[in-house]
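Subject: Handing over the model and my notes

Dear colleague,

I am passing on the structure below, and my notes on the contacts and ligand surroundings follow it. Please read them alongside the coordinates.

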Amino acid sequence: MKATAGVDWCEVVDALAEKHDRKPHALMGILQDLQMEYGHVCPDAQIEVALALGISPTHVSDVISFYHFLCSEPKGQYVVWLCQTISCDMADKDQIAKALSDELGISFGETTGDGLFTLEYTNCMGMCDQAPAMLVNDEVHVSLTPDSAREIIAGYRREGGLG
Amino acid sequence: MNEQVREIGTQIKVTINGEEYTARRGSTVLEICEDNGIPIPTLCAHDDLKPAGICRICVVDINGGWNLETACTWEVHDPDTVITTHSPRIRRARRAILELLLAEHCGECYTCIRGGNCELEDLAEIYGVRDLRFEREDPRFEPDTSSVSIYRDMDKCIQCRRCVRACDELQAVGALGVFGRGPESRVDTFEGMSFDEAVCTNCGQCVAHCPTGALQEIDHTRAVWAAIEDPEKHVVVQTAPAIRAAIGEEFGLPPGTSVTGRMTTALRDLGFDRVFDTNFAADLTILEEGTELLLRLQAALVEGKDVKLPQITSCSPGWIKYIELFYPDLVDHLSTCKSPQQMFGALMKSFYAEEQGIDPEKMVTVSLMPCTAKKFEAQRPEMADSGHQDVDYVLTTREMAQMIKEAGIPFTQLKDSQYDEPFGDASGAALIFGATGGVMEAALRTAYEIVTGREVPFENLNITATRGFEGFKTGSIVLEDVLDEWSFLEGVELKFGIAHGLANAHEVMERLRRGEMDDVHFIEIMACPGGCLGGGGQPIPTTDVIRQARANAIYSEDEGLPIRKSHENPHVNYLYEHYLTDGPCGHRSHELLHTEYTPRGFRLKK
Amino acid sequence: MGAQMVLGPYTPGAAIDAALKMKRSDVVVTVRESGLRGRGGAGFPTGTKWMLAAAATGDEKYVVCNADEGEPGTFKDRVLLSDHADLVFDGMAVCAYAIGARKGFVYLRGEYRYLLADLEATLERMREENRLGKSIAGKDGFDFDIEIRLGSGAYVCGEESALIESLEGRRGEPRIRPPFPVSAGYLGRPTAVNNVETFALASRIMEKGAEWFSEIGTDESAGYKLFSVSGDCENPGVYELPMGTSINELLTTVGAEDAVAVQVGGASGEMVTRDAFNRRLAFEDVATGGSVIVFGPERNLLDVLENFMDFFTDESCGQCTPCRLGIRRLLNGVRDLKKGALSADDLKMLRGLSKSVAISSKCGLGQSCDTPFASILDAHLKGVAQ
Ligand SMILES: Cc1cc2nc3c(=O)[nH]c(=O)nc-3n(C[C@H](O)[C@H](O)[C@H](O)COP(=O)(O)O)c2cc1C
Ligand code: SF4
Ligand code: SF4
Ligand code: SF4
Ligand code: FES
């Protein structure tokens, strides 16, 4: 995940608009790319996107606020999305939640002090046959146990610490 | 899904509540019901806006479907459509919706600016809501008092999105959006900015379209009461052209009732020391702005200078802020003339104060405007050329009506009275400033006569090409047999354009940027749909039907006035003879009556 | 698992080849005759939809594959896209041919981004094999390509008009309907939106013929159906069974003989209790997009209801009043009920509210809230489970 400080958003967004198109229908693609690269879409970037696509910055930010996987405030390098919907819930997702919370020392909705992890709930992610499940950024982890959840976190911690 | 479109407009029979009605194919159930006097409650619908179908209060039964459909969105194409507008399940659904809205609507109706004119309150009355089945929600928001013109109290918001749609569809500003989703959603600005920071033109169309008190003007009535009641203060009020055709609505008079004389009486009764007509300054504007145009034309045609044409009018502060925000590189097209309000303000604390021997410090200048952007304009730092803030307070039509009611003045029964001198009798040309196209018509009446020495060649001086509510109108007038000093204009076809509503202004500016306006000389732009008569400070509701009625009132009053041309206003001529002695666009007038602009907005960062 | 007709082996391109042997209009007729109904949940006849899209006028038309699969308990589209993408994409090409579209989109939910690389590779391979691109399979004038667009975490974007809003770069809020996407969809042009499974089945129908399909299932619900089974059962997973299979049969197949209730159709579906397990999974009986969640005797059904109402509250787009504000009231009511703090009058009031929300909401999300609310409440009150 790249840092946002000092980025020339005009240039970055221009390249993305070139890739996706300079029309409003390119908005989601551009926002998703920015989200992937920088972990959020900061207001300055939003303004550039709006100017590039000829829409109001307000509508860029209201779109961001609609989608759970887009945000305008930075989150952790790894966003852990634990599924909270029924099949995962019945497969003891609460225990996984507790293991994650304990392991990271944060509650859901929070980010660790080192900026590495954010814990979030998400709704049914289509892994009900292998519940409980979670996403870490865009990687899927299924059939979780408290132990496996802790291990997964440890793996990302190693990776993130290196990166 | 059916082959409907071709047939729109033909008459079909529909059944509503068991009765047969004829309807225009393609009209909505709501339109049909309204035409036939069948009541349907609405909240998110507004005649100015595209249907959204989101409040759901207007649900009706179509052909006995399992679910209900919204009357405001359902277009009737099928001749056999059977519509039911009241039944137990319809009543229950509407009532549920209403109670859900009321339970999260925080605020006391009796302290609300919209008390008595709130669509939510009206429905609560109709539905006899005496208690709520749902627990009341706690307030979620802090009122936003940051703006100098618009006040937000989003705990009163019912999320009908009329403000968002007005700002998008009518004004192409996009200052407002819906943030979050589900029960957490809210109407807000970019990144939750306060209204003074938001990219907003202060036009007030959001306010004018809000069904509740969630959006309102920033209150100046208290300050004005204090001024009026202070014996030390000389309080003068100027009234914009569009007020007299609308303020009667606040007192139950039908739209289009002209109440000029009653209004001046009411203002005097209220305690204003002098009641002046902004139209005086509108006439002045015509001379200044017309001269500016002729000078630009001269510079371009004779001196070959690179002056910006078309010249664009600068009377509408919402439009001024719009161009500053969205076309900061094109502000040189604007006339440098201040708006009539500000010309008047500058003269009050200079010319008028000197003539009358009043200490400007002891003067309070109030203007009565159809507009919320005027509140912003009055507080622009550069609007102090008299050495004081030129205009102290701006009251909207609605605020003034409230004050008149509060004072207990029987408005409708009042006797007519005149405006005070020395700014009385203005021209009909100034009066029509209140309607879109009016500035252009007034300017043409004067400019044509200055250049040719003859009256404009139209019956009764009515330049109909400038009238009507088409979004962008163009026209031209050929200058022939001109006076010697204007010989460079001989045979020139003066081309003009007129736009109202910022969405139309946006189109015009895009075309201008593409070079498609190069042959146009003069463009009038007004921020609000219909011009000032549809301003953000006018009585609520305002719709096209009401705009038309107000326009009719304005145009017929113009026809009845003895003076129809700005350059024939004797007070204006007196002013040039005795005060602005170097004439229109002279040095003195430049100091007092002209201004400069401030590029701003997101685009500046580029 | 199950019949393996849809999920069985497939020769990439077979469906396109078969379709191209027919006139465009005959492709539509074949799909109509097969009796195929949309697998996304609503069960709209696919042939009719294609016919309308083919008849609609527009300078461009679009095919959209709805891969937003957000209904709790469904994951069969994931399986199709993971293992049978050729079948799905070929189905889109068949549709494009039938309605005269040159551009298709797959709206892939953000949660499935991990599939993106493989899916792009499949599309690339199809282009190389001339199953996408210009003059597909040598057919002059049949140009079609597919672009994958991602969602970003919003269940309601599975609703077809919200999906189109999202494709156009807006909040995923359902549109006013009519007009339906077939006449005014993406960028206002005729657009056929179908579920992943629907396209896969269209491919099979091209391959094996309308009769093969229509003979399976019931009169009103032809063919095979993929069921996503999860919850209290031994073998959760995707099952392929004929339409009309009874809940009992399904439960036996998945190893859930002690089930006391099943939720058919996800959070927006219906809860069926043990006494009614002989009911059939078909549009005319218990309708479903394929989600089957099984509950054993240990479950508290109010927990289930709370979970679902929480889901809807979270996923409501919020544009319309009854859904935005009403469902939260239902959720609070369920919570009160769990605490024993809900009077009988209040419960009655909430049942009424739920009905009102359902009949007055703008889209299927709000409209379907009463089905789970009423059926789960009834199941709970019957005392079938804990
Ligand atoms: C809230 C909501 C969510 C939906 N989600 C999906 C979905 O994830 N996938 C899908 O195919 N259809 C979904 N639908 C149904 C679609 O609106 C549409 O009917 C379907 O994509 C049409 O395809 P089909 O005819 O092939 O079923 C959803 C509908 C609603 C109201
Ligand atoms: S004042 Fe005008 S520009 Fe500002 S938010 Fe309201 S409608 Fe939009
Ligand atoms: S502020 Fe007023 S106009 Fe805007 S959504 Fe709320 S109630 Fe409607
Ligand atoms: S029913 Fe719910 S999800 Fe559907 S449009 Fe209304 S608020 Fe949005
Ligand atoms: S008035 Fe029809 S939905 Fe709001």
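How many residues of chain A are in contact with chain C, and how many of chain C with chain A? With contact taken as heavy atoms within 4.5 Å, 32 residues of chain A meet 48 residues of chain C.

Before going further, please note that this is a predicted model, in which local features need pLDDT of at least 70 and side-chain atom pairs count only at pLDDT 80 or more, while totals for chains, interfaces and linings use all residues. Residues are numbered from 1 along each chain as its sequence is written, chains are lettered from A and ligands numbered from 1 in the order in which they are written, and side-chain values use heavy atoms, with hydrogens and water left out.

Chain A itself has seven helices and four strands (DSSP runs numbered from the N terminus, H or I of at least four residues for helices and E of at least two for strands), and their order from the N terminus is α-α-α-α-β-α-α-β-β-β-α. Its C-alpha atoms fill a box of roughly 50 × 35 × 25 Å along the principal axes. The domain assignment, which is automatic or from a database, divides chain A into domain 1 (9-66) and domain 2 (78-159), and the C-alpha centres of these two domains lie 29 Å apart.

To return to the interface of chain A with chain C, the buried area (the accessible area, with a 1.4 Å probe, that two parts lose on being put together, summed over both) is about 3,100 Å², and carbon and sulfur atoms give 56% of it. A:His25, A:Phe66 and A:Met90 supply 21% of what chain A buries there, more than any other three residues. One salt bridge is found across this interface (a side-chain nitrogen of Lys or Arg within 4 Å of a carboxyl oxygen of Asp or Glu), and it joins C:Arg78 to A:Asp129, with the closest N and O atoms 3.1 Å apart. On the side of chain A that touches chain C, the elements giving two or more residues are helix 2 (27-38), helix 4 and helix 5 (86-90).

Between chain A and chain B, the contact takes 18 residues from each chain and buries about 1,500 Å², 59% of it on carbon and sulfur atoms. A:Ile47, A:Leu51 and A:Thr58 supply 32% of the area on the chain A side, more than any other three residues. Here the count of salt bridges is zero, whereas nine residue pairs are in polar contact. Helix 3 (43-53) and helix 4 (57-66) of chain A each give two or more residues to this side, and helix 4 gives the largest share, seven residues.

As for the ligands, the residues near ligand 2 (a heavy atom within 4 Å) include B:Cys167, B:Cys200, B:Cys203 and B:Cys206. That shell has nine nonpolar, three polar and no charged residues, where Ala, Val, Leu, Ile, Met, Phe, Trp, Tyr, Cys and Pro count as nonpolar, Asp, Glu, Lys and Arg as charged, and the others, Gly among them, as polar. Around ligand 4 there are 13 residues, of which C:Cys317, C:Cys320, C:Cys323, C:Cys363 and C:Gly366 come nearest.

With best wishes

Conventions
A polar contact is a pair of N or O atoms within 3.5 Å; within protein, one must be able to donate a hydrogen and the other to accept it, and residues adjacent in sequence count only if both atoms are side-chain atoms.
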